[in-house]
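Reader: Hi! Could you walk me through the packing and the aromatic side chains in this one?
Author: Happy to, let's have a look together.

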Amino acid sequence: MRVLIIGSINIDDVFAVGQFVRPGETISCRSYARHVGGKGDNQAMALARAGAEVYFAGKIGEDGRFILDALAGAGVDTSRVAVSGIPTGRAIIQVQDDGQNCILLAPGANKDIRPADIDSFLEGWGSGDMVVFQNEISSMDYALAEAGRRGLTIVLNPSPVTESLLSLPVGRADWLILNETEGQALTDSSDVESIAGLLRGKFPATEIVLTLGDQGVRYEGRNGSSLQVPALKVKVVDTTAAGDCFTGFFLADILEGKDVLTALTTATRAAAICVGRPGAQPSIPTRAEVETFDPEDR
């Protein structure tokens, strides 16, 4: 099974701070770095480092052409990435000493994706192939409908949570991979214990993977099966891209035909490595690193 990611590409400006800047406050950062990011781009990189054959589709501005070199260097096919007259998406990221982050996003070219672009991205793809979406691009309703019409296996990571997300046909997805914040938005519940069950009831034909931070990850299968895998205890440096890393490694195992428990375990290990490193894509490990990872050394 081939996998196509139709998603976002950003330039990330990362500021390390003691604590997040408050209204009316000006602070100096401890350090600054620029990285390639965007949830689509991050997930493509994670899939590639996990050993999958990955194709990527999206839009950048003229200022983002350098990004294609990084993806291609990891083995990602970028022939479906188009260039817009709008600048590349930009993320301003603050990272606290405890590893938590907050992000200010300018969508840029990611919001210049039109139905005609979706048609072009999906040309030659169909039954037996997988397509992965997030919620950082435009024309999502059309993209989900068209992918379904063509018979692709649809994976949706409904992030970030926006008003438009709540109107999307989320139930079209074969796989829903989300965190507890996104789960709360889709179920209108603040009770973490009940979110998985509410999602199961709302999307009965969808395989659900719900990440719960330091509580691990919960799986609810469409056949009624349920699994819980605990999180690994590691020192957190930066949580940026941890969810994307998890998604990429989980899907890589699923694409290889591995069972869900194995895929959840692999993805949990990959995410544990990711949060122990600074940055987005620089923090995503390789398959070899995941296989030899010993959390006791962290």
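**Aromatic pairs and core**

Author: This is a predicted model. In it, both Tyr55 and Trp125 are buried.

Reader: Thanks! How are the rings of Tyr55 and Trp125 arranged, edge-to-face or stacked?
Author: They make an edge-to-face pair, with 5.2 Å centre to centre and 75 degrees between the planes. Tyr55 sits in strand β4 and Trp125 in the loop between α3 and β8, so the pair ties together parts that are 70 residues apart in sequence.

Reader: And where does the charged end of Arg2 sit?
Author: Over the ring of Tyr55, 6.0 Å from its centre. Arg2 also lies over the face of Trp125, at 3.9 Å from the ring centre.

Reader: Nice. How many aromatic pairs does the structure hold?
Author: Five. One of the pairs is Trp175 with Tyr219: the ring centres are 6.4 Å apart and the planes at 35 degrees, so that pair is tilted. Trp175 belongs to strand β10 and Tyr219 to strand β12, 44 residues apart.

Reader: Why does Trp175 count as buried?
Author: Its relative accessibility is 10%, and buried means under 20%. Trp175 and Tyr219 also form one aromatic cluster with Phe246 and Phe250.

Reader: Switching topic: which residues touch the most other members of the largest nonpolar core?
Author: Leu47, Val209, Phe249, Phe250 and Leu264, out of 52 residues in that core. Helix α8 gives the most to this core, with 10 residues.

Note on methods. Residues are numbered from 1 along each chain as its sequence is written. This is a predicted model: local features need pLDDT of at least 70, side-chain atom pairs count only at pLDDT 80 or more; totals for chains, interfaces and linings use all residues. Side-chain values use heavy atoms; hydrogens and water are left out. A nonpolar core is a set of buried Ala, Val, Leu, Ile, Met, Phe, Trp, Tyr and Cys residues joined through side-chain atoms within 4.5 Å. Buried means under 20% relative accessible area, exposed over 50%, partly exposed in between (1.4 Å probe, protein chains only). Helices (H or I, at least four residues) and strands (E, at least two) are DSSP runs, numbered from the N terminus. Rings of Phe, Tyr and Trp (its six-membered ring) pair if their centres lie within 6.5 Å; planes under 30 degrees apart count as stacked, over 60 as edge-to-face and the rest as tilted. A charge sits over a ring if NZ of Lys or CZ of Arg is within 6 Å of the ring centre and within 35 degrees of the ring normal.
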